[in-house]
Amino acid sequence: MARVMINIPPRAKRGEIIEIKTLIQHPMETGYRLDNKGAAIPRDIISRFICSYNGDEVFRAELFPAISANPFIAFSTVATKTGELVFTWIDDNGQIQSEIRQITVE
Amino acid sequence: MRVLLAAGLAVAAAVTAATAEIDPEARRSGYDFASPEIRAMQDDDTANPGMLWVLEGETLWARKAGAAVRSCQDCHGDAEASMRGIAARYPALDAVLARPLDLEQRINRCRTENQRAEPLAWESEDLLALTAFVARQSRGLPIAVVAGPELRPFLDLGKELFRQREGQLNLSCSQCHDDNWGKRLAGSVIPQGHPTGYPIYRLEWQSLGSLQRRLRSCMTGVRAEPFDYGAPQGVALELYLMERARGMPMDTPAVLP
């Protein structure tokens, strides 16, 4: 599985806007490049990223070939209650990577 | 004729005078030339893509390898203590080979001699990861290559190569990085060429890469034939660059455009 870095505050006040930063290792091969024998390198990108907070989807992104390798996605959400955030990346090959992080809301 | 000759000599003198070394006070790393956005990316470990390799390297450090079934950790212990400041002293003399080895070569030599494993390929993910992990332990520490008398000939060779014109563009490293740093080459600022943050994450590469890769791409840029990975000339050039950057703090894994 790919290496992932997620930066999320471990605790927050209720109603506070928190920033979440994610970074995942992925080649994001565009599908437009040729290898040194002239054959097309098949496209392999992360096409979707979803973040859900206690089961509710709070952020979703569609990714396209112009996005760099190792995509960095930062977004914000409102801390509502203690629970878990699930981060999911889905790529062209159908590989799904999920990570879970806990947050405590006071 | 005499006037022309005199003018020619004056130009030659000007060119010679221009190839002066950078004053230690005026030295600046790639970070100093980078945009605020890139600096922010480098400074935040959770936004610095180079950290993906550092984390991978930490895993590899503890993984047993080769016929000896030993990991780096089995001999060297905790990298935070044992590898502190090590990368800041490389390339370093290998007493057996009687020549300097850079950090990548040192890691591979340790693999073949002590772990009895296959050496890792240049620019492979594993070699970059291990190098980045080791070099990360020197972050903030001053570059301090040990330039003893045995290394002197290699240091001199590196300096000579740095000042030697080459390629179809007939340019030396020094002409850009000593004489014209701070100016622009197309849209990019010419840095002074201090190797403080290698292996480095270049946005252009969309990957981590070694100093050797950087040197090779500069050589291709002036349309010269690059040295092979790990060639003695390349290591000599690395050695000279590190000596030239003596005292500057390491910032591996650095991020550059």
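I began with helix α7 of chain B, where B:L103, B:E104 and B:I107 meet B:L127, B:L130, B:T131, B:V134 and B:A135 of α8(B); residues count as in contact if their C-beta atoms, placed from the backbone, lie within 7 Å, and helices (H or I, at least four residues) and strands (E, at least two) are DSSP runs numbered from the N terminus. By class, this contact of α7(B) with α8(B) holds 6 nonpolar, 1 polar and 1 charged residues, where Ala, Val, Leu, Ile, Met, Phe, Trp, Tyr, Cys and Pro count as nonpolar, Asp, Glu, Lys and Arg as charged, and the others, Gly among them, as polar.

Before going further I noted that this is a predicted model, in which local features need pLDDT of at least 70 and side-chain atom pairs count only at pLDDT 80 or more, while totals for chains, interfaces and linings use all residues. Residues are numbered from 1 along each chain as its sequence is written, and chains are lettered from A and ligands numbered from 1 in the order in which they are written.

**Helix angles in chain B**

I then looked up the geometry of α7(B) (residues 103–115) and α8(B), which pack at an angle of about 110° with their axes 10 Å apart; axes are lines fitted to C-alpha atoms, for helices over the stretch in contact, and angles run from 0 to 180 degrees between N-to-C directions. That angle makes α7(B) roughly perpendicular to α8(B), on a scale where under 35 degrees is roughly parallel, over 145 roughly antiparallel, 65 to 115 roughly perpendicular and the rest oblique.

For α4(B) and α8(B) (residues 125–136), I found axes that come within 7 Å and cross at roughly 95°, which makes α4(B) roughly perpendicular to α8(B). Among the residues that α4(B) brings to this contact are B:W53, B:L60 and B:W61, and those of α8(B) include B:L128, B:F133 and B:R136. The contact of α4(B) with α8(B) divides into 9 nonpolar, 2 polar and 4 charged residues.

**Domains of chain B**

I recorded that chain B is divided into domain 1 (24–44 + 150–256) and domain 2 (50–136), with bounds that come from an automatic or database domain assignment. The centres of these two domains of chain B, taken over C-alpha atoms, are separated by 22 Å, and 22 residues of domain 1 are in contact with 21 residues of domain 2. On the side of domain 1 of chain B that touches domain 2, α12(B) gives the most, with 5 residues, and by class that side has 14 nonpolar, 5 polar and 3 charged residues.

I counted 12 helices and 7 strands in chain B.

Where the two chains touch, I found 10 residues from chain A and 9 residues from chain B. Helix α4 (residues 50–61) of chain B gives the most to the side of chain B that touches chain A, with 4 residues.

In chain A I followed an open sheet of 5 strands in the order β2-β8-β7-β4-β5, with mixed pairing; strands pair if DSSP finds at least two bridges between them. Strands β2 (11–12) and β5 (56–62) of chain A stand at the edges with a single partner strand each, so one side of each is left without a neighbour in the sheet. Strand β4 (residues 46–53) of chain A pairs with β5(A) in the antiparallel sense over 6 bridges, and A:F49 has A:A61 in β5(A) as its bridge partner.
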